Each structure stands twice: as structure tokens, then as C-alpha cells.
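Good morning, and thank you for making time for this item.

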Amino acid sequence: MALSGVEIFKHLPKTNCKKCGFPTCLAFAMKLAAKGVSIDACPDISEEAKKLLGEASAPPIRLITIGAGDKAVKVGEEVVLFRHDKKFFNPCGFAVAIKDTESSDEIKKKIEAVKTSEIDRVGQKLRVEMIAVTDAANDPAKFASVVKNVVDSAPGVPLILHSMNPSVIEAGLALCADKRPLIYAATNENAEAMAKLAKDKKCPLAIYANGLDALTSLSEKVKGLGVEDIVLDSGARKAKDMLEHFTMIRRSAVKKSFKPFGYPVIAFANRDDSMMEALIAGIGVMKYASIIVLSSIEKWKMLSLLTLRQNIYTDPQVPMQVEQKIYKVGEATDKSPVIVTTNFSLTYFIVRGEIENSKVPCWLAILDVEGLSVLTAWAAGKFSPAKIAAFVKESGIEKTVSHKEVIIPGYVAVLSGSLEEKLGEGWKVVVGPREANALPAFLKSRGA
Amino acid sequence: MAFTIPKENYNGKVYEVELGVGDRAIKIGGESTLPFLSFEGEMPNRPSIAIEIQDLPPNDWPDTVKKVYEKVSSNPVAWAKFCQDELKADAVALRLISTHPDQKDTKPEDAAKLVSEVLNVISIPVIILGSEHIEKDIAVLKTVAETAKGKNCIIGKAQEENHKTIAAVAMANEHKLIAMSQLDVNLAKQLNILLTQMGFVKERILTDPMSSALGYGLEYTYSVMERIRLAALQQNDGAMQPPLVCDIGKNVWKTKETIAAEAELPEWGSLEERGIIWEAMTAAGMIMAGANLLVMRHPKAIELTKKLIEELR
Ligand code: SF4
């Protein structure tokens, strides 16, 4: 159970020595209760109290690392049910399942798809992170050969080893234990053997039980066997069960500090219809899955899922914004057009992307409007002729380019007259398209 | 440790609103829980989906969705009938886009004539949307609301600047009303309060929080809706309890993801699937955030969304 500040205070040295950086032990206790500071900041606390408080102040959902090196995936450590309450911290990881019975051609294609899955979206690189090697033949040698194939051809990509048979898992682990794969899964029947493998090889262990009562006892059992890094699977496969189970698990962990559920959740979204599979995975993204296993990863599908994940895991407190300045896009020269827009990062990245698409080098003048989109900033009076003019003048663009022309977004066409006035003698304001996706045609037509 | 189901105790619920008349009338809203959490409350009505049609051929829609309606979209009446008969739509959303001064500036009487023709050929509920031009909508919606009297339509959208007149005609002609505000919990609440202060019955309002598409601000709409829904349930706040309507088709089908050819962006994959999933995934997001009524365009995206809703029930 999470302790209150006063309860924590009882265990502190009560000397008010200030070494923690707080004026009093009570102030430190309060901050600790709010999880805003680490217990290690107090050098004088007794080992006993530290252990007690450490447990109480641990995040409600354990952080689990799958894989090793710079491609390792970290999931868990979530603290809220709704993103608006704080934020969702560690984006769920996507894995594609490869069955050991698939043809070597299919396997090769899937590995290739994972390796080329990276997309760039509003400045972030997003991709399918993991591969789940799935035992369908119940044959340790066959499983191991596919694991080897994946380890060799997709170096660094974290693995999930999927089998209910401990000897199959053992064969796979022999080839990749140092890469910290996630073992899937311990069940009530094989728990001892799986827990031993996980402990010996220091790998995280997923546990599978049918329903939340069974999952509770299995979680306690596996923890009792000495496994710390656990991932939960309640057997939910239908959208309704996923939503309800994952909600109950997250609530139990976050609001009731229910230890057996203080771990990340794994979801399986296998459907014959790939579009349906995408939507089921989408439910997982929005509602608390930390690892999502897919049966296929077509590019259109991953674009939608990676975008959804990026949206949901965006920090809602920080308006996404970029720095106010003149950005050079392509090999812009003194003849290149100057385009003005706002510093909402989505606006910036989309406009920039379209300028790049057009192959027409430009100067992109980004005005600080506190991260609002063009229309919202205009409505709030932050994207006004006076402000745009002042920025253009102060930016020094006049020295960079030999013309006196700026292009403004089509949505604020009404500003053009007044902006021209504010900019002064010789300046010309050109109204650009409303939507960024019309920029390439617009820029090319001007160049011609 | 034994597991106990962590239930929330809510004291409020979303208003249940009936749309349309006769055996094809539908009900939306009425839930006393967050979306689909049957373990702690009721969700008597599934989210409904209206298919969007408009009074101009959809020349600016991307091919993926435009081609589906090729045979009917030059005639809004045939288009409406196609949605009802062939696509088995729950409802139709007729957008009077041609009335916009920048389009054809169609006169209110002409728009009303079309509305009455559409109402004559279909029996499913109709949502009548203006062009979102503040002044023109006042004139257009006034006339069409009168024409549609007795059909229990939804009229929209009333915004802060024109809500008085539009609400008055919706009230006088016994329609439901969409109240739209700019992506903000307090603005949504404020507008609903303004409406009730002028005597509009709050059980006849639908809130449009202002939709957005996947990748283009979806998370803002999502969180605004979650907060509205929590306020409705936890605080029993009447101004936050109207059903939520999300007009997503027009946002989705202008994004680059639904337009750009695969040849141009090979890393984005097949355009056909990409467009459809973009609309369906946006719909899934809105549904998880509490949407009760969606306005969508592509039949395949609608079918997928309906399947998802079935699986969530
Ligand atoms: S360092 Fe420890 S003992 Fe000193 S004031 Fe802080 S909490 Fe108290």
C-alpha cells in the first residue's frame, strides 16, 4: 500500500539535518509520498526503514526491460488510468509473431518487414520493436533453429520466446539468453520449470492464466518462486475481455496497490482480417496493454498503430512546440521563398515535410505562438499581423534573402492586407494553400 | 491476496436521446459507465454510425472513398437511399456544403427543398448539417429545420456565435441539436449552459467536442472527451451529460495518409487499406473515449467499426 507522508515521516531520522535538500524530514516525507524524490536522497536513513519505504514507494507497475542494448524495450511504470491525469510513460512495444512452422520464405519476409518498419513521424522514429518466435511444432530443435535465424538476421531486435513447453523455451534460451528475451509463458502447470529458467537466465517471464482470479494466484506463486520481472496475460483475446481485464488490472495496481497485478500486460491481437487485427491492437494501445503481439505487420497497418501509439503517449501537459526561428529547408538561397507558420510541432513537421516533398528549397519562419495550430493561434490573437511582422523584422531574414515576400497559410488569408501594412514599404504577402498537403503543387507552380 | 473487482461508483449518467421517427428511430447514450465497462454499469445503446453525404458531388474526397459512391453521389437523394438500402446505415448525415458562400452559396429555400426530398425517400434518422459558416448556417438551418418538422432530426452545428438562433429553430421544430465548441471541456460545458439558459431542453443536446483525425490531434479530442465523460459520471454534471457526436469523416479524408499514393510514399504501404484503416482507427479512438454517434464516410471503415463495437459489447 502507498504510505502517506506522515507514515513515511515516522521512519525517518527526524533530525532535520537538510542533507536531502529539504528543510525538514517532514517536507522530505511529503515529497516522497508524492513520488517526487528518491529515498536515497536521505543518507542517514536506516537500512530497515529504507527497505520498508522502498517497497511502499516503488512505482505501482514494475518497469520491465525486454532485450538488451540500444534496441531494448522498456515497458510498465505507469501511474495513471487517464492520460490527462499525468501522462502515459512507456509506449507499448509491438511484436510480430513468427511461427516455427512457417516456411523459411515467410520467416525471411517477416524479419525483413521488422527491419524496415521504421517510420519518421513528427520528428520521432517509430518501428515494430520485437519478434515473438512462436512454438507451433512442439519441437525444441525446430524452435531453436528459428530463434537462431532471427538472432542472426535481426541482430539486436528483442525477442519473445513463446511456448508452454519448458524444454522448447530452454532450447531457445540457449541461443539468446544474454539478450534478455521475454519468456512466454508460465502457467499453473509449468510454473516451477519456467520460473527456474527465468531466474537462471535472468530473463523476464510472462505468466498466462485464464481469468483474473487465476492470474492473481499464479502471479503470487511465480513471485514466490523468486521471479521479479513478470508480465501478465489474463487470457483476454476478445476486445471486450481485453478492455475489461486490462482496466481492472491497471486500476487494481494504480489505485489499490494490488501487488499481484503490479506488472505490465501483454496482449495478442490475432485475427484473420488484418484490418480487424489493427483495431483490436488499437484497443490495446489505448487501454493499457504494454506489449502487443500481431500476426502481420503490413506497412499501412503499422502506420496507423504507431501513429495511434504516438498520439496516446504524447505528454498532454506540454504543448508540443518547436523553437521560434527561421529554418532552412533544403538548399535554400537568397531567392528561395519564405513561408510563415506557427510553432505547434505537428504544424511544423507537416509543413516542413511537404516542403521537402516539393523539392523546392524554402525558408520556414516559425513564430512562437505557445504551440498552437494556425487557426487556434489566430483565434487567440497570437498569430496576428503585428506579431508576424515583428518576428519577420527581428529574425534578420531581410539580410538572408534578396526579396521581400512572405507566404502565409491559406486559413489566415484575411491577415494579408494588414500584414503587408505592418511589414512596410515594398513587402508583399502571398496567400498559400489552406492545407499543407497542397504545398508541393503550390510551390512547384510558383517555381515554373 | 484475493482479487476483488475494482469498481467505480458513479452517480451520473449520459442522457438517452432518440433520433428519427417510426420503427427506424434509434436511441443513443444512456450509459452509466465508461465505454463498454459492463462490470460496473449499463450501456443500453451501442454507438451509432451515420453515413455522411453532401449536396455537391464529392470532388474533393480522395478516390478511395469517392469511388464507392460514384454511381449515386451526383444526386443526393439517390445517395441517401443507397446508404439506407444498400449500406444498411443507422442514419444519414446530410451536409449542406453547397450553401457555403465560397461554394455555390445555395439559397436556404433550395437547400430546404433537397432536405424534404431526402426525407421523403428514406425512413432512417437524418442529421442535417450546415456548412459551418456562422452567418449562412443561421439562415439555412432555420429554413431546413422548418421543412423537416416532425421528423425528429438532428440539426447542427450550433456554435457559440450562432447558437441562439439555431437552437431556437431546433426547439420550435422539435429537433435535436448538435452544439460544437473548440476542443475544450469548459467551452463545451459553457455552450451547453448557454443553451439551457435560453430554455433549450438539455436532453435534446448532442455535444460535438470538435473531432480530429488519427495523427492530427486525435489525442486532444480523446482526452477532452474522456474528461467530459468522467464529469458526467462522477460529478453528475448535467451540462456534461449529453451524448457525444464525432464528425470524423471530414477530418480523416483530408489527411495525407488517405491521399498520398503508395508510389510516392512506399514506406506507408497500400493506399486503399491505409485510407480505410485511418478512418476506422480514428473511429475506434473516439468510441473508446466515449462517442455515442459517429459521422463517417467509407462503408468498409464503418463495417469494421461496427464489428469492433459488437466485439466490445
Ligand atoms: S536528510 Fe534525512 S534526516 Fe536529514 S532532513 Fe532529510 S530526511 Fe531528515
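Let me begin with Asn16(A), which is partly exposed because 15 other C-beta atoms lie within 10 Å. The terms are these: a residue is buried if 20 or more other C-beta atoms lie within 10 Å of its own, exposed if 12 or fewer, and partly exposed in between, with C-beta atoms placed from the backbone. Asn16(A) is not a glycine, yet its phi is positive, at about 50°. It sits in the loop between helix 1 (5-10) and helix 2 (25-33) of chain A. Helices (H or I, at least four residues) and strands (E, at least two) are DSSP runs, numbered from the N terminus.

A word on provenance. This is a predicted model, in which local features need pLDDT of at least 70 and side-chain atom pairs count only at pLDDT 80 or more, while totals for chains, interfaces and linings use all residues. Residues are numbered from 1 along each chain as its sequence is written, and chains are lettered from A and ligands numbered from 1 in the order in which they are written.

Glu370(A) also has a positive phi without being a glycine, here near 60°. Its place is the loop between strand 15 (362-367) and helix 13 (374-379) of chain A. With 13 other C-beta atoms within 10 Å, Glu370(A) is therefore partly exposed.

Two peptide bonds deserve mention. The bond from Tyr184(A) to Ala185(A) is cis, with omega near 10°, and Ala185(A) belongs to strand 8 (residues 182-186) of chain A. In chain B, the bond from Gly156(B) to Lys157(B) is cis, with omega near 0°; Lys157(B) lies in strand 6 (residues 154-158) of that chain.

Next, chain A as a whole. It has 17 helices and 17 strands, and its C-alpha atoms fill a box of roughly 80 × 70 × 35 Å along the principal axes. Of its 448 residues, 46% are buried.

How do helix 5 and helix 6 of chain A pack? Helix 5 (residues 140-153) and helix 6 (residues 166-176) meet at an angle of about 30°, their axes 8 Å apart. Axes are lines fitted to C-alpha atoms, for helices over the stretch in contact, and angles run from 0 to 180 degrees between N-to-C directions. The two helices of chain A are therefore roughly parallel, a term for angles under 35 degrees. Residues in this contact include Phe143(A) and Val147(A) of helix 5 and Val168(A) and Leu175(A) of helix 6. By class, the contact has 11 nonpolar, 2 polar and 1 charged residues. Ala, Val, Leu, Ile, Met, Phe, Trp, Tyr, Cys and Pro count as nonpolar, Asp, Glu, Lys and Arg as charged, and the others, Gly among them, as polar.

What surrounds the ligand? There are 13 residues around it, the closest being Pro13(A), Cys17(A), Cys20(A), Cys25(A) and Cys42(A); a residue counts as near if its C-beta atom, placed from the backbone, lies within 6 Å. This shell divides into 8 nonpolar, 2 polar and 3 charged residues.

Finally, the interface. In all, 40 residues of chain B are in contact with 45 residues of chain A, contact meaning C-beta atoms, placed from the backbone, within 7 Å. On the side of chain B that touches chain A, helix 9 of chain B gives the most, with 10 residues. That side divides into 22 nonpolar, 6 polar and 12 charged residues.

How values were computed. Angles under 35 degrees count as roughly parallel, over 145 as roughly antiparallel, 65 to 115 as roughly perpendicular and the rest as oblique. Two residues are in contact if their C-beta atoms, placed from the backbone, lie within 7 Å.
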